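Hello,

Here is the structure we spoke about. Please look it over; my notes follow below.

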Amino acid sequence: MAESPITPRAKDFATWYQDVVLQGDMAEPAEIVKGCMVIKPNGYAVWEVLQRELDQRFKATGHQNVYLPLLIPESFLKKEAEHVEGFAPELAVVTIAGGKKLEEPYVIRPTSETIVGHFFSKWIQSYRDLPMLINQWANVLRWELRTRMFLRTTEFLWQEGHTAHSSHEEALEEVVRMLHVYGDVAENVMAMPVIRGVKSRAEKFAGALQSYSIEAMMQNGLALQAGTSHDLGQNFGKAFDVQFQSKEGKLEYVWQTSWGVSTRLIGGLIMTHSDDKGLVLPPKVAPRKGVIVPIYRKEEERGPVMEAAEKLALSIGAHVDRRDGQTPGAKFFHWERQGVPVVIEIGPRDLAAGNVVLKRRDTGTKEVIPQDTLVAKFNETLDAMQTDLFAKARQRLADNTVTANSLEEVRAILDDVTAEKGGGKFVMAHLKDDPANDAMLKEFRATVRNIPLEDHYDGPGKCILTGEKVPQRVVIAKAY
RNA sequence: CGGGGCGUAGCGCAGCCCGGUAGCGCACCUGCCUUGGGCGCAGGGGGUCGCGUGUUCGAAUCACGCCGCCCCGACCA
C-alpha cells in the first residue's frame, strides 16, 4: 500500500491512531458495510497470537471450546428483563429468510448468554454435570452509533466464556480467576498494565449481579475497558430454567458467569505502545519478531549477502526482506511502520567484519554485534524490549493517576480533557457505588471505570458527593 | 441521531466559487542506473469525478435527494 506520513500524537491523537492502524496495515474500514472493518493479515496475525495465549490459559483452567448459533430467537432476549433492556438498542434483527417473513424474527447475537441459558438447561441435570465450563470464539454484532477500528465496530471478534456452578462462591471464584487470566495476558503478553476491579452498578453488564473489568490507560490518558468478567448470579438460570439436582436431592438454579475479551485488545495494544513513527508491537505479540534487511551495492555482493542473511534468518526465525528494487532505506521505513521489534541489517561491510547491525523498534537504538552472538543478542533484545515497554506503560499509568477529594477537584482534573488534546487522567476518589452518583459524572463526560481490587490509594473515606463513608477510592476517567 | 469536515486513478490531493469533456505527486509497468534510513533518469498504463434525479446545447463543477467515511456529542466491548 502507499505509505503516507503519520499524524503526530500531539497534533491529533484520533487521527494518529487511524494512521498507525492503516500504515501498519492492520485493518481498514469496510466502507461498503457501515461501521465494520476488514482485519488485514497483519492485524489478524496479532489476533491469532492473542487467541493462542488466551486459549491456552482457558484450557489450563478447565474450559472447552464450543460453537453456538449466530442467530438467536428474538423471544430469548426478552426472557431476562435487564438484559433485553440493555441490548435492545443495538440489535440487528432478521425478519425475512428464504424469501419469506419469519414467524419469529432472529436477532444476530450481540452476546450469547440467552442461547447458552437454553442449552445449559438441556445439558445440566445434576450437580455431577457441574461446573460446566465452556468458551466460544465468535463474532458478535452490536449496532453502534459511532465506530473506531478495533475499539468499537459494529461487528467484532471476541471470545465469550460461559460457566455454570453449583454455588455462588464457586461462581465468584471463577469470575475472579478469569479476570486475572485477562490481567495476566494484558500485562505479561501485551505489556499493557491494567487495573483489575469491580464495575460500578451503573456500568455493570445488563443482567449481571456484578461485573469485573480490567482497565488500561491509553497514551492520551483515556481509559479502555480491556476485558470483563461477570457474576450472573441465578438471573439467567431462572430465566432459562437451568436447574440441577443437588447432592441432597434438591432442585436448585445454577450460578452462572460469563467473561470476554475482544479484538478491542488490539486497539489497546496500539494506543499503549505505538509512537509517531507508527506501530510498536511488544515482542510477545509480534507475529514477526525480526526482519532481516540485506544490503548490497554491486551484483557480486548480492550472493554472499543473501546467503548470510538467509542463514542468520534461519537461526533466529526471522523473515528476510528479499524484495528487489526496493532500497534498504525504504525497507527500514516499511518495517518500522509494521511494528517489527527488531530489524537486522547485513551488508558487505558486516560480512567482511563478521558483524550484523541490530535495531530495536521502541528505542531506535542500533547495535553492531558479531554474527555468532546474534541468537543470544536477538533474544536478549526482545526480552529487554518486552520488559521496557511494560515498565514504560506502567510508569505512564502511575504518572497520570491522581487523587481527588472533592467533586471540584475531579472536575478541575477532567474538565478540559478531550481525546484530541490528550492529557487525560485516572482520578482516584471516594465515591459511593450508586447510579445516581455515576450520573453526576456525566457532566464532564467521565465515568467510574472500576473499583480496584488492589487498594491503590488509601482506605475508607467520605464520598465526594454524599459524604457517606465508603471503603475505598474508585477510578474515575474518560473512556473509549 | 444532532453538529462539523470529506468523497476526483491503488494512496494523497488540485480543479468546483466563475459549467466546455480531467490534472499533479507517490505507487504501478518497461528499460537503464542505483542500493548502509523513503535512489535517479527516460518512456508507459490506469479514472462512467460516491450514487441517483433534475437544470442546461453541454455537469467533476449548479440544485435536490440518497449512500459512505472521518472528527466532535448523546449510546456502548
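Gly347 reaches a base oxygen of RNA strand B through a backbone N or O atom, at 3.4 Å. Please keep in mind that this is a predicted model. In Arg337, an N or O atom of the side chain is 2.4 Å from a base nitrogen of RNA strand B.

The bases are one part of the picture: 52% of the atoms of RNA strand B within 4 Å of the protein belong to sugar or phosphate, and the rest to bases.

On the protein side, 46 residues lie around RNA strand B, and those that come nearest are Arg146, Arg152, Arg264, Thr327 and Lys359. By class, this surface has 21 charged, 16 nonpolar and nine polar residues.

Which elements supply at least two residues each of the surface near RNA strand B? They are α1 (13-23), α10 (328-337), α11 (348-353) and β18 (355-360). The most comes from α10, which gives seven residues.

As for the cysteines, a search of the whole structure finds zero disulfides. Cys36 has a relative accessible area of 14%, under the 20% cut-off, and therefore counts as buried. Cys463 is also buried, because its relative accessibility is 4%.

Regards

Methods. Residues numbered from 1 in each chain as written. Chains lettered and ligands numbered in written order. Predicted model: local features only at pLDDT ≥ 70, side-chain atom pairs only at ≥ 80, totals over all residues. Heavy atoms only, no water. Disulfide = S-S within 2.5 Å. Buried < 20%, exposed > 50% of the residue type's maximum accessible area, 1.4 Å probe, protein only. Near = heavy atom within 4 Å. Polar contact = N/O pair within 3.5 Å; in protein donor to acceptor, adjacent residues only side chain to side chain. Helix = DSSP H or I, 4+ residues; strand = E, 2+ residues; numbered from the N terminus. Nonpolar A, V, L, I, M, F, W, Y, C, P; charged D, E, K, R; others polar.
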